[in-house]
Number of protein chains: 2
Amino acid sequence: METYDEKFDFRDKRNLSLVTDFYELTMSQCYFNAPDANKIVTFDLFYRRNPDNGGFAIFAGLEQIIGFIQNLHFEDEDIAYLKSLNKFSDEFLDYLRHFIFTGDVYAVPEGTPVFPNEPLVRVKAKIIEAQLLETAFLLAINHQTLIATKANRIVRAAKGRIVMEFGARRAHNFDAANYGARAAYIGGVDATATTYAGEKFNIPVAGTMAHSFIQSFDSEYEAFKAYALTYPDSCTVLLDTYDTLNSGVKNAIRVAKEVLEPMGHRLKGVRIDSGDIAYLSKKIRKQLDEAGLEDCQIVASNSFDEYIIKSLIEQGAQIDSFGVGENMIVSKSSPVFGGVYKMSSVIKDNQMIPKIKLSENVEKMTNPGFKDLYRIYDKENHKALADLMTIHGHPISENEDLTICHPDNVWKKKTLKRGTFVIRDLYEPIFVNGRLVYKVPDLNEIRRYSQQELSHLWDEYFRFEYPQVYKVDLTEELLKMKLDLIEEMKH
Amino acid sequence: METYDEKFDFRDKRNLSLVTDFYELTMSQCYFNAPDANKIVTFDLFYRRNPDNGGFAIFAGLEQIIGFIQNLHFEDEDIAYLKSLNKFSDEFLDYLRHFIFTGDVYAVPEGTPVFPNEPLVRVKAKIIEAQLLETAFLLAINHQTLIATKANRIVRAAKGRIVMEFGARRAHNFDAANYGARAAYIGGVDATATTYAGEKFNIPVAGTMAHSFIQSFDSEYEAFKAYALTYPDSCTVLLDTYDTLNSGVKNAIRVAKEVLEPMGHRLKGVRIDSGDIAYLSKKIRKQLDEAGLEDCQIVASNSFDEYIIKSLIEQGAQIDSFGVGENMIVSKSSPVFGGVYKMSSVIKDNQMIPKIKLSENVEKMTNPGFKDLYRIYDKENHKALADLMTIHGHPISENEDLTICHPDNVWKKKTLKRGTFVIRDLYEPIFVNGRLVYKVPDLNEIRRYSQQELSHLWDEYFRFEYPQVYKVDLTEELLKMKLDLIEEMKH
């Protein structure tokens, strides 16, 4: 099997191995002390609810966890720190000093629209190795999936107009700005203002001027003129520092006529950042058109989210391009993606012993066992019908009828007739025996794949209000395993 | 003046200089092309509203922006990337290649309780230098101040009980976990689960076991026993994997009696993570006490925030220690701290020309001019009376009556009688002429200072509901400058 260990360009060279909940280390030492320290276990990473009560999420963050695993090691200073806590034996610290990940990781590709309760990442590894991945896996995937999902909602609301990510200053620190921009691009934004993300992830960058730029000149006209002289072929000016309609747009037209047109250039755009955007955009459009600047674009930014953008478009606002800040980069209305990482089985003497987490809240009960994950499409129209978890090693076939069962409500099941559906294995092998076997796709590939995969979803999953609930089901066999296990645990 | 450039240990060695909104660079090239490229300007970093409608915020993030400035430079790969965009001249790129910060930064110390509309950081620098700080300054301070403020609310709700930060997995990526833990510690938490933050910032770390730990053993008792044998003097067990009252607490007591006590140790604690925490904690306390385990602590974690903790305590819940996750590390209920960075003056021929940003929304109008910031305390009881902005270089005195004026409502003013108040300059010099002149305090010092400074606030500012509004005022002279400027701009 071809491996890619040497070929993957680590974009993040920090040693982040200690970004782990302390209990991962205290548990690990217990495992280390136990007679079966090397027992193999499986974990599933899944989430329970879509952000903003949406119909799906956009999976993102895989590349970052690949980098984390590739770079997972404990340096002398880490060992010295852990030793200073007087909790860890020299033998265990020595184990950590030589730690390398030797397990398997399978995952759905980045950009995939995903649904609650399906395992997005599946780990099979020695118990300590599996445990030491938890915190980093969750925080990277929770963050990027959250932002990709939110960005996708906002992009959908804009109905084909340009959307730019402008949120760095409100992001939760540097990584949130950079990886948030990456995730937003997967989710469909056209550009980011975060230059670093442009450099590292090859995302188009955008940006023009701030109010301070205008203020630093003796007049608004002087400021516009200076900008136009430096960027004659990409000049977008900010209108609302003093008075949008009575000063901003008039100076913009003057610069277009007196500075740019004599140089053979057109005014590319104007930006508004405050006030009643719907009203102002129409007034501005009219003034621009009357001045013969029909090709001048109107960019707007002002605490937008998917609902405000939808409303602006319904009001007939004349906006070509939206800059979106805090509501996207923090996913302000729904700022937590609740991914969890739960043990699904222990492998003992080559036997898979399924594990379940019971809960009084039925939603919080896990789906046990070492599992595979498939997406079933309608053979005729290629729309996704359901995602299906199966017991690993028990394949399903397009040539037989397929019964899919609701994970909790045993009376909810459905049989798909053979020949009417197409099965896709949603998992890609990422690491096998600790070796990277996945060719990490280019970010533009991920973004295109995401848009393509979204086209296989029925419109009903895209509604902001009460979207249809997509089926994430179990095979009859897996459901029986789950029910038997619950029964057994209750005794 | 002593400088600390060589002495400050950069904790973050990444080159983050391009984590800047692209417009900072496009504007900078315009400034560069202008005849007065080196003109000096001043900027204020301030915010407009307290998170969660609280009475104040806890300023944090200064150390991180010091590191950013110290490390601010453009490497060959950055220059190459910018060149590839075909927007920047070779002359400007050459300027960036040799860029160093040569300006002045003054700031309030980390840990200070701060209030809306007062400048927390004041920059005086050549215009390009001042502009290139904006994005990083805002994102670091917005993030850390947000989390320190939220943590402080949660700690206050716990009324002296232990509070631990457990949120890494829900943080917005790695930096948010690490710097969030740092900020939470400034805000008053006692420990973090994020090991990296423990290592880098010398914060106590805490953590015991996950449900997966219990699941990986053949029985709950075996799991507790393994943990007790490894950590006999700090054994805290998790009770709710199967059945808190009928299994968890009984196995905990058994391990205390059969494993720990024969070794001469006591069971340190038990943790509950689900169910009705108030009810369960009382039942558990009773069972533990009846078994002679009165010294065994009860730790609880389960989507807590300040309101739930307050309610649990009111219900008489028997909890010694709270673990708090997503509601703290993301400040879920109020996830954006809206700090802004606004130009306050241009210095021309040694004359300070005040600048103001007008807005139809009076709250969004800025306080113009190069300013100083003072805190005024009552001389008798040492309670803070108001914060006061003054025109820089126009000192105020404790030996004269002092009139303080509301920044917007001109009829709101108050005169403090000389001899009744004490003045404290809130600014520390951080960088002077580009040299670091601030001795960065130890994190524990910052935390102690914060608690001490909070003791100078009246109780009325600590309410969660409708806290008293603290006065952030102007001198008569500064108010006149502002009003004159508004008048002038309106013409």
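## A loop residue and its surface patch

A:Val410 sits in the loop that joins strand S16 (402–405) to strand S17 (413–416) of chain A. The model is a predicted one. With a relative accessible area of 38%, A:Val410 is partly exposed, because that class lies between the limits of 20% and 50%.

A:Val410 also belongs to a nonpolar surface patch, together with A:Trp411 and A:Leu483. The patch covers about 320 Å².

## Chain A as a whole

Chain A has 491 residues, and 64% of them count as buried. Its secondary structure comprises 16 helices and 21 strands. Along the principal axes, the C-alpha atoms of chain A fill a box of roughly 80 × 60 × 45 Å.

## Domains and annotated spans

The domain assignment divides chain A into domain 1, made of 22–147 + 335–368 + 427–460, and domain 2, made of 208–320. The C-alpha centres of domain 1 and domain 2 of chain A are 47 Å apart.

UniProt, in an unreviewed entry, lists residues 18–142 of chain A as "domain: Nicotinate phosphoribosyltransferase N-terminal". This span is 42% helix and 17% strand, and its end C-alpha atoms lie 18 Å apart. The UniProt record, again an unreviewed entry, places "domain: Nicotinate phosphoribosyltransferase C-terminal" at residues 371–482 of chain A. Over residues 371–482 the chain is 17% helix and 36% strand, with 12 Å between the end C-alpha atoms.

## Two residues with positive phi

A:Ser303 is not a glycine, yet it has a positive phi of about 50 degrees. A:Ser303 lies in the loop between strand S10 (297–301) and helix H13 (306–314) of chain A. Its relative accessibility is 47%, so A:Ser303 counts as partly exposed.

In chain B, B:Lys159 has a positive phi of about 45 degrees, although it is not a glycine either. B:Lys159 is found in the loop between helix H6 (134–157) and strand S6 (162–165) of chain B. Its relative accessible area is 65%, so B:Lys159 is exposed; the cut-off for this class is over 50%.

## Cysteines

A disulfide is a covalent bond between the sulfur atoms of two cysteines. Over all chains, the count of disulfides comes to zero. The rule behind this count asks for a pair of cysteine sulfur atoms within 2.5 Å.

Is Cys405 buried or exposed in chain A and in chain B? A:Cys405 has 0% relative accessibility and therefore counts as buried. B:Cys405, at 1% relative accessibility, counts as buried too. Buried means under 20% relative accessible area.

Technical notes: Residues numbered from 1 in each chain as written. Chains lettered and ligands numbered in written order. Predicted model: local features only at pLDDT ≥ 70, side-chain atom pairs only at ≥ 80, totals over all residues. Heavy atoms only, no water. Buried < 20%, exposed > 50% of the residue type's maximum accessible area, 1.4 Å probe, protein only. Domains from an automatic or database assignment. Patch = residues over 30% accessible without salt bridge, like charges linked within 9 Å, V, L, I, M, F, W, Y side chains within 5 Å. Areas by Shrake-Rupley, 256 points an atom, 1.4 Å probe, with all protein chains shown as cover. Salt bridge = Lys/Arg side-chain N within 4 Å of Asp/Glu carboxyl O. Helix = DSSP H or I, 4+ residues; strand = E, 2+ residues; numbered from the N terminus. UniProt positions renumbered as here; feature names shortened; annotations may be inferred.
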